[in-house]
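Student: I've got a complex open on my screen and I'd like to talk it through. Could you take my questions one at a time?

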Amino acid sequence: MVLVLLTLSFLIYGLMDLIPGDPATVSLGVRATRELVEARRHAWGLDKPFLVRYGTWLKGVLLHGDLGKSFYLQEPVTKIIGEKLPVTLVLATFGLVLAVGIGIPLGAVAAVHRGRLVDKLAILFATLGVSVPGFWMGLNFIFFFAVALEWLPSGGYVPPSESVLEWVRTLVLPVLAVGLINAASIARMMRSTLLEVLGEMYVTVARAKGVKERLVVVKHAMRNAMLPVVTIIGLTYAGLVGGTVVIETVFTIPGISRALLIAVNKRDNVLLTGCILVVGFMFIFMNFLVDILYTVLNPKIRY
Amino acid sequence: MDQSSSRVKKILRRFVRNKAAMTGMVLLAVFVVLAVFAPWIAPYGPNKMDVRSILSKPSSAHWLGTDDFGRDVLSRVIFGSRVSLRVGLSVSLLSALFGGLIGLVSGYYRRLEGIMMRAMDTLLAFPEILLAIAFMAVLGPSELNAVLALTLVYIPRTARVCRSEVVSVKQEYYVEAARAAGASDARILRRHILPNVLAALIVQQTLVFGLAILVEAALSFLGVGTPPPAPSWGNILNESRDFLRVAPWVSLWSGSVIVVVVLAVNLVGDGLRDVLDPKM
């Protein structure tokens, strides 16, 4: 894991160095004189060789947990991430809860009633879900709920410390957009794996013994069907931490994904590398949690 | 030859019988025709401005209305299909080529598997949109760079699928027999392994086609993809945000076509999976 993150940090830091223009030039604008740009480059250490800059940054990360100072925002990256990551985590968590709350029951019902109307509707929902762009769904929600009906705000974020009610109101639409899109892929996987498990011999035996269908599904089939679904849920959550950039942009939510976009636009490779490292770490950590959960769901699995 | 052509005919017959897949195929064909013949089908040029009709509702003169520059939305959507389909197809083919090659080599030569798949896993550790944004930051916004960036994003996924299939096929008796008969590695890969991996690869790349269209639209929406005034669907959606309140039809129509095209591609992909690789 550490090697992956180190390799990634080197790649991102290095690749950003290749982009024409640098943070000093971007921050001062096109009309800045050469002397001003050079002075800023010197002040920010950008005139040092790439390996020296990267080495200094890496030393700060490994020895002090210091991800450096953002060129554009002129604040410690750790502080910026500390402010923005919780916002993204709130959005990702609630979005995932909604996605799981819709996806698993829908997928299970569709599998149990295969071929019937509910199955066909579930397949349609799942197929549409992976075809609809999240940002378009977000725009439609804004139009209907914020513009036409005026029930909810069109964007922004109010921290819970200011007003819990407004915090909830600002999160409803983005969570709905994130949740519905991801519910589709979870429902699809749930249906597929449960169908496979319901075809297994031990399920047939349970039915033959007269066990009620509800017990067969819930007690015998679901547990085994959940294994691949748990992987999808884990990967979905990890993906949401960095992948909500479009939703955060549509609803102007100050999360980590937007910080990433700022870093890209402003050539701020320190901020970009820090954000990507954090997102990468979250992803790898989620994969690790999924592996642990596997052993809980299936005691036969041991590492 | 007779055996393989009759197998192809069987596959085609089964595909044609799948109503959902055929619906997807027809929809896709409509958009391909729109994209190819856009200059003749679109009523106006994609950037032709009519200042007297700024933000006008759908009418006989402008079937889908106009945007804030008085540009015909229908024409921009039709021309936008060229960008999306071009990017989708290019990414799908290029990632199949490079990802397939990596998958073939890493799946066949176990010595190379470790390092190749670790590299792929490093890239797979990130959400696609994030990786695409990072690559676009390095390459700069343009349609060609979007193709390059998205190809790099989807190579690992293709490589993984291909590698899994190669590892499975490599253990078959006919491969062992070919090896025992003295066939070279290149011959075994070309004659025995690749044809049996193609089915899964075709299904995978059909899905990549749809995903590439979605992510390209997202990149353009964020302002890091195909730059304006090129009529990319994502650009049109991005521009529509400023006047969503007064002209919601711009967002509605440009988003709807993305849904229809990606849905069509997914239906075709599902149909191909059912006939080529049911175990997927």
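Student: Which element of chain B has the lowest mean pLDDT?
Tutor: Keep in mind that this is a predicted model, so pLDDT is the predictor's confidence in each residue, from 0 to 100. Chain B averages a pLDDT of 88, and 97% of its residues score at least 70. Among the elements of chain B, the highest mean is 94, for helix α3 (residues 38-41). At the other end, with a mean of 81, sits helix α1 (residues 2-17) of chain B.

Student: What ipTM does the predictor give the complex?
Tutor: There are two scores for the complex as a whole. The pTM is 0.85. The ipTM given by the predictor is 0.85.

Student: How many helices and how many strands are there in chain B?
Tutor: Read along the sequence, the pattern of chain B is α-α-α-α-α-α-α-α-α-α-α. Its C-alpha atoms fill a box of roughly 75 × 45 × 25 Å along the principal axes. The tally for chain B is 11 helices and zero strands.

Student: Which helix supplies the largest share of the side of chain B that touches chain A?
Tutor: The contact takes 34 residues from chain A and 29 residues from chain B. On the chain B side, α6 (128-139), α9 (185-222) and α11 (248-276) each supply at least two residues. By class, that side has 23 nonpolar, four polar and two charged residues. The largest share, nine residues, comes from α11(B).

Student: How does α10(B) lie relative to α11(B), roughly parallel or roughly antiparallel?
Tutor: Helix α10 (residues 233-240) of chain B packs on α11(B) with the axes 9 Å apart, at an angle of about 155 degrees. Angles over 145 degrees count as roughly antiparallel. That is why α10(B) is, relative to α11(B), roughly antiparallel.

Student: Which residues of α10(B) make that contact with α11(B)?
Tutor: α10(B) passes α11(B) in a left-handed crossing. From α11(B), the contact takes Val250(B), Ser251(B), Ser254(B), Gly255(B), Val257(B) and Ile258(B). By class, the contact of α10(B) with α11(B) has six nonpolar, four polar and no charged residues. The α10(B) side is made up of Trp233(B), Ile236(B), Leu237(B) and Ser240(B).

Student: Over in chain A, what word describes how α6(A) lies relative to α8(A)?
Tutor: The axes of helix α6 (residues 117-129) and helix α8 (residues 164-198) of chain A come within 8 Å and cross at roughly 130 degrees. The class that follows from that angle is why we call α6(A), relative to α8(A), oblique.

Student: And which residues of α6(A) touch α8(A)?
Tutor: α6(A) passes α8(A) in a left-handed crossing. The α8(A) residues in the contact include Leu180(A), Ile181(A) and Arg191(A). By class, the contact of α6(A) with α8(A) has nine nonpolar, two polar and two charged residues. From α6(A) come Ala122(A), Phe125(A), Ala126(A), Leu128(A) and Gly129(A).

Student: Is Leu55(B) buried or partly exposed?
Tutor: Leu55(B) has a positive phi of about 50 degrees although it is not a glycine. Leu55(B) is found in the loop between α3 and α4 (73-108) of chain B. With 15 C-beta neighbours inside 10 Å, Leu55(B) counts as partly exposed.

Student: What is phi of Thr252(A) near?
Tutor: Thr252(A) lies in the loop between α11 (245-250) and α12 (256-265) of chain A. With 14 other C-beta atoms within 10 Å, Thr252(A) is partly exposed. Its phi is positive in a residue other than glycine, near 45 degrees.

Student: How many residues of α8(B) are buried?
Tutor: Helix α8 of chain B (residues 173-180) has eight residues and lies largely in the open. Just after α8(B), Gly182(B) takes a positive phi of about 100 degrees. Of the residues of α8(B), the number buried is zero.

Key: Residues are numbered from 1 along each chain as its sequence is written. Chains are lettered from A and ligands numbered from 1 in the order in which they are written. This is a predicted model: local features need pLDDT of at least 70, side-chain atom pairs count only at pLDDT 80 or more; totals for chains, interfaces and linings use all residues. Axes are lines fitted to C-alpha atoms, for helices over the stretch in contact, and angles run from 0 to 180 degrees between N-to-C directions. Helices (H or I, at least four residues) and strands (E, at least two) are DSSP runs, numbered from the N terminus. Angles under 35 degrees count as roughly parallel, over 145 as roughly antiparallel, 65 to 115 as roughly perpendicular and the rest as oblique. A crossing is left-handed if the near helix is turned anticlockwise from the far one by less than a right angle, and right-handed if clockwise. Two residues are in contact if their C-beta atoms, placed from the backbone, lie within 7 Å. Ala, Val, Leu, Ile, Met, Phe, Trp, Tyr, Cys and Pro count as nonpolar, Asp, Glu, Lys and Arg as charged, and the others, Gly among them, as polar. A residue is buried if 20 or more other C-beta atoms lie within 10 Å of its own, exposed if 12 or fewer, and partly exposed in between; C-beta atoms are placed from the backbone.
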